[in-house]
Structures are given as C-alpha cells and as structure tokens.
Amino acid sequence: LTNARRHYGGLKDSGELEEGRRWALDLKNTLVISGDGAMKDYTETQPAPWKSYSQTVHRIEIREGITHIGDYSFENFTALEVLVLPESLKSIGAYAFRNCPYLEMILYYGSMDSWDEIDIDEGNMPPLSKDLVESLLVSRYGLTGPIEVHASGTAFAFFKTKPNAKG
C-alpha cells in the first residue's frame, strides 16, 4: 500500500482480503484490488468490505494477478465510470457489476481472443455481456475489432458512448 499512497497521494481506506489480496481506496475515489488469484464471492447480505463507498467510487482498477472477480463485488456502484481489467482475469462472477449505470469505459489489458475466453456470469451490466460487446463495436462504431489504446501496454477499451475525438 505504500506504493498506492505514493502514486495516488493518499488513501481513504484499505484492507486485507483472503490469501494476501488487498484493496485500497485513494483520495481520488479510485478503488484498487491487488494480489494473486481469485477474489471471494460476496452476497447481497454479506457484501464486499468496500460496499460503503459504492456511491463515490468513480474508477475501479483490478490489478494483474487477479483471476476472478467475485459475485456481487461491485453491485450498485452508482458512480462508477471507468473499469480497468487485467489480462490475468479468467472470470467475472454473477451480478459483480449489476446496476452500474454510469459505467462508460472498460479498459482491458489483453487481446480480443483472451477477452473471449473470460467466463462472464449472469446479471452483469452491458458492456460486460459477451453478446453485447460485438454488437456495441459493430453497431455503434462500425468496428469489427477492438479500439486500440496505446498506454502502458497493448489494451483495448469498450465505450458505452462514443468518446470525443481529441486532436
């Protein structure tokens, strides 16, 4: 967490999860999940420890090493706009992103082929639905492939609304 403090300028809250995984919320309302392996599945009656921040978190970063996002992990995150997913991700649990109405961008650090291999369970919001990803790219943008983003590695992003062109 020392690196998170240095990078983000301070933490609002943080905690230990199972088997060495951690979570941290910075002063800019970015929630970071780090470590190796699968996140725990949560329920509506036993929510994730960061649930109390569901109306203020604007960005969620799941770090490389995480392989599964647990059920109900980010349900009702009503301020969430940006979601960053690692190439190591293999599955997204049921209702992990249900009712995230302002989720506008998903940045995935992997190939389109590896995205297709992710097991996305029921109850997740578009564009976290495999059936909607292709129709989103084709119908809204006329694209048959991913939007390329060259930042800290090869990545692509899905947008709910077409981003403004800057140039």
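Biologist: Which strand is E61 found in?

Modeller: Strand β5, which covers residues 59-62. Keep in mind that this is a predicted model.

Biologist: Buried or exposed, that E61?

Modeller: E61 counts as buried, because its relative accessibility is 11% and the cut-off for buried is under 20%.

Biologist: And what does the side chain of E61 make a polar contact with?

Modeller: With the side chain of R59, at 2.7 Å.

Biologist: OK, switching to H68. Where is it placed?

Modeller: H68 sits in strand β6. H68 is buried too, with a relative accessible area of 14%.

Biologist: Which side chain is joined to H68 by a polar contact?

Modeller: That of D41, and the contact is 2.9 Å. D41 also turns up among the residues H68 touches, once you leave out those up to four places away in sequence; others include G37, A38, M39, L89 and S91.

Biologist: Now salt bridges. How many does a search of the whole structure find?

Modeller: Seven. Side chains of opposite charge can pair when their charged atoms come close.

Biologist: How far apart are the closest N and O atoms in the one between E16 and R22?

Modeller: 2.0 Å. E16 counts as exposed at 51% relative accessibility, while R22 is partly exposed at 26%.

Biologist: What about R21, which partner does it form a salt bridge with at 3.9 Å?

Modeller: E19. Here R21 is buried, with a relative accessible area of 4%, whereas E19 is exposed at 71%.

Biologist: Which residues are linked with R21 in a network of salt bridges?

Modeller: E18 and E19 are linked with R21 in that network.

Biologist: Last one: what is the N to O distance in the salt bridge where R98 and E75 meet?

Modeller: Their side chains meet at 2.3 Å, N to O. R98 is in the loop between β8 (91-92) and β9 (105-108), and E75 is in the loop between β6 (66-69) and β7 (82-85), so the pair ties together parts that are 23 residues apart in sequence.

Biologist: How accessible are R98 and E75?

Modeller: R98 counts as partly exposed, at 28% relative accessibility. E75 counts as buried, at 5%.

Methods:
Residues numbered from 1 in each chain as written. Predicted model: local features only at pLDDT ≥ 70, side-chain atom pairs only at ≥ 80, totals over all residues. Heavy atoms only, no water. Salt bridge = Lys/Arg side-chain N within 4 Å of Asp/Glu carboxyl O. Buried < 20%, exposed > 50% of the residue type's maximum accessible area, 1.4 Å probe, protein only. Helix = DSSP H or I, 4+ residues; strand = E, 2+ residues; numbered from the N terminus. Polar contact = N/O pair within 3.5 Å; in protein donor to acceptor, adjacent residues only side chain to side chain. Contact = heavy atoms within 4.5 Å.
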